[in-house]
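Hi everyone, thanks for coming. Could you bring up the model on the screen so that we can walk through it together?

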Amino acid sequence: MFLPNKTAEAGRKPPRRPPTNRPAPGAFIYFPFVAGGVKASRDPGPASFIDRGTGAMGQQVKHVLGWMDVYKLAGSVWRDLQCNFRSEGAFPCPLVVYPVPRGGIHAAQALMAASVSAKNGLPQVRITNTPELCHVIIDDIVDSGKTMLEHKHKYRNMWFVALVDKINDERYKGAWVEFPWETLVGETGPQDNIRRILEYIGEDPSRPGLLETPDRVVKSYEELFAGYRQSPIEILKTFEDGAAGYDEIILQKNIPFTSFCEHHMLQFEGLAHVAYIPDGRIVGLSKMGRLVDVFAKRLQVQERLTTQIAETMYLHLKAKAAACIIEAEHSCMGCRGVRKKGSRTVTSCLRGAFLERPEARMELMALIRG
Ligand SMILES: [Zn+2]
């Protein structure tokens, strides 16, 4: 684990180092790339890390860094930046820093904290979204060096710094480094977000009744949104024979479904009527119900759900006609907002002969009503 040197910690003032081309211990600064210049000698270059990490994996050292470690590392980077910029001439104030997404964002914030001036209590670092406008590019870690090289080739005049340098720093070579922000979201997964939502609505996620809730919610999402992992084309495997020249309407009425509106993630449910006129290809009757489910078990708006069902039938069965009519009740209208409980929304999508021939459409409507 990295510890800044004692003198730097004890003294308020940043250590004055004579300008030198030798890497200072604990300095994780890559100078702007200057071809042929002395500074380029500090650039590790691609060759120095090709054979990196070939050490036995079984002996891999694990550095689990806490927030205090991060702030110490950032303090060290800040002091080194000051020294190196001063050796170049002037120290820009504020120092404009571009964080490499996403780990660089935490590193930049830590550097900002480290830069707070003893004089006026203000940070001397400003974070920018525009790499072209920065003085320094910051990342949390130089791992393979790929990200650093990409940035150095793109922005040749910028400095590149990192909290941890796995290429040049012996302590981190071949080691496993874990930052505190990685454990925040890493292992707990979506359950952690459910806990946050519980807190947001005013609940205490640690009370006994709610302890298992995040797990249950995530589990139920797997079922409610199973449609994302299913293919409508797989479901519509057709029988080429068996139709025996049947070219009248095939209608599956009153298929119940539950879906979730994509605007509020609240339930809407109702009945779907799915019909088609085959042109040599028919599907098993249960397939229409399954097709409705594939699209319903996603975040939806009723209009799109209707169109997706009808169009999939029409295109994949190469049918003469296809239709989907849905009537549904939206809980986002019933239990919140305008509170119109009981009102139903009807949508329809007609393709082929249902659209073109009024008598086919009238026959379909009569069958649905009848
Ligand atoms: Zn809604």
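Residues are numbered from 1 along each chain, as its sequence is written. This is a predicted model, so to speak: local features need a pLDDT of at least 70, side-chain atom pairs count only at pLDDT 80 or more, and totals for chains, interfaces and linings use all residues.

How confident is the predictor? pLDDT is its confidence in each residue, from 0 to 100. The protein chain averages 81, and 81% of the residues score at least 70. Residues 1-27 are below 50, and that stretch has 34 contacts in the model beyond near neighbours in sequence. When I say contact, I mean two residues whose C-beta atoms, placed from the backbone, lie within 7 Å. Residues 31-59 are also below 50, again with 34 contacts beyond near neighbours in sequence.

Okay, on to the sheet. A word on names: helices (H or I, at least four residues) and strands (E, at least two) are DSSP runs, numbered from the N terminus. Two strands pair if DSSP finds at least two bridges between them. Here we have an open sheet of 5 strands, in the order β10-β8-β9-β11-β12, with mixed pairing. At the edges sit β10 (299-300) and β12 (345-352), each pairing on one side only.

Let's walk across it. β8 and β10 run parallel and are joined by 2 bridges, with Phe-260 partnered by Leu-299 in β10. β8 and β9 run antiparallel, with 9 bridges, and they form a hairpin with 5 residues between them. Then β9 (residues 267-277) pairs with β11 (residues 321-330), antiparallel over 10 bridges.

Which residue in β9 is the bridge partner of Pro-256? That's Leu-271, and Leu-271 also stands opposite Glu-327 in β11.

Two helices go with this sheet. α10 (residues 302-316) lies across β8, β9, β10, β11 and β12, at about 25 degrees to β12. For that angle, axes are lines fitted to C-alpha atoms, for helices over the stretch in contact, and angles run from 0 to 180 degrees between N-to-C directions.

Now the inside. A residue is buried if 20 or more other C-beta atoms lie within 10 Å of its own, exposed if 12 or fewer, and partly exposed in between, with C-beta atoms placed from the backbone. A nonpolar core is a set of buried Ala, Val, Leu, Ile, Met, Phe, Trp, Tyr and Cys residues joined through C-beta atoms within 7 Å. The largest one has 38 residues, and Val-292, Ile-309 and Ala-323 have the most contacts inside it. β8, β9, α9, α10, β11, β12, α12 (353-356) and α13 (358-369) each supply at least two of its residues. The largest share, 7 residues, comes from β11.

What does Ala-323 touch, leaving aside neighbours within four places in sequence? Its contacts are Ala-275, Ala-310, Ser-348, Cys-349, Leu-350, Phe-354 and Leu-364. Apart from this core lies another, of 34 residues, among them Val-100, Ala-114, Ile-137 and Leu-163.

Next, α2 (residues 67-88). Its 22 residues reach 31 Å from first C-alpha to last, close to the 32 Å expected at 1.5 Å a residue; the expected span is 1.5 Å times one less than the number of residues. Its buried residues include Val-70, Leu-73, Trp-78 and Leu-81, but also Lys-72, Arg-79 and Asp-80. Just after α2, Gly-89 takes a positive phi of about 145 degrees.

Most residues other than glycine have a negative phi, and most peptide bonds are trans. Here, though, a cis bond joins Cys-93 and Pro-94, with omega about 0 degrees, and Pro-94 lies in the loop between α2 and β3 (95-99). Another cis bond joins Pro-101 and Arg-102, with omega about -5 degrees.

As for phi, Met-265 is near 55 degrees, a positive value in a residue other than glycine. Met-265 lies in the loop between β8 and β9 and is exposed, with 10 other C-beta atoms within 10 Å. Lys-318 also has a positive phi, near 45 degrees, in the loop between α10 and β11. Lys-318 counts as exposed too, with 12 C-beta neighbours inside 10 Å.

Methods: pLDDT is the predictor's confidence in each residue, from 0 to 100.
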